[in-house]
Amino acid sequence: MSEVTKYALYFVLGGLLVSVSSYVGAMGRGFLAAFASTFPAITGATFILIHLNGGPGPTLSYAKHLLWFVPPWIAYVGFMIVVLPRFGFWPAMIGSMAVYMAFVALIRVL
């Protein structure tokens, strides 16, 4: 399989997951949409692809570094939950992204 074909497949798989999650969420089925979004299919596929292309060392490094992004992700979602009902979607989204990036920067510095 060529490099271009591999990356095209990665793109289609990621887009499919986002599309399914968005569709289900728009139908008012938030729990199922959240499950689809956080289901480890993309992470699992990434593990497989890193392992196939780089071996166990890079796969382990990726897995360990994923854990560093859990606290920023929790802050991101928590900010969205608190701010969305008070100020609307766009301020909540922009603020959530800023909070996420600030947490990532803080973790990177530490």
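Which helices each supply at least two residues of the lining of the largest pocket? I will come to that after one caution: this is a predicted model.

The answer is five named helices: H1 (3-26), H2 (30-38), H3 (41-54), H4 (56-67) and H5. H1 gives the largest share of that lining, with five residues. The space in the largest pocket comes to about 650 Å³. Its lining has 21 residues, and those closest to the centre are Ser-37, Thr-38, Phe-39, Thr-43 and Trp-73. By type, the lining divides into 14 nonpolar residues and seven polar ones, with no charged residue.

Now the aromatic rings. A pair of aromatic rings is described by the distance of the centres and the angle of the planes. There are three aromatic pairs in the structure, and I will go through two of them.

Take Tyr-76 and Tyr-100. Their ring centres are 6.1 Å apart and the planes stand at 70°, so this pair is edge-to-face; the cut-off for that label is over 60 degrees. Tyr-76 sits in helix H5 (residues 70-87) and Tyr-100 in helix H6 (residues 89-109), so the pair ties together parts 24 residues apart in sequence.

The other pair is Phe-89 with Trp-90, and it is also edge-to-face, at 4.8 Å centre to centre and 80° between the planes.

Are these two residues buried or exposed? Phe-89 has 40% relative accessibility and counts as partly exposed, because that class lies between the 20% and 50% limits. Trp-90, with a relative accessible area of 59%, is exposed.

Note on methods. Residues numbered from 1 in each chain as written. Predicted model: local features only at pLDDT ≥ 70, side-chain atom pairs only at ≥ 80, totals over all residues. Heavy atoms only, no water. Phe/Tyr/Trp six-rings, centres within 6.5 Å; stacked < 30°, edge-to-face > 60°. Helix = DSSP H or I, 4+ residues; strand = E, 2+ residues; numbered from the N terminus. Buried < 20%, exposed > 50% of the residue type's maximum accessible area, 1.4 Å probe, protein only. 1 Å grid on protein atoms, 1.4 Å probe; cavity = no way out; pocket = protein on both sides within 12 Å on 5 of 7 lines; lining within 4 Å. Points joined across faces, edges and corners; volume = space filled by probe spheres on them. Nonpolar A, V, L, I, M, F, W, Y, C, P; charged D, E, K, R; others polar.
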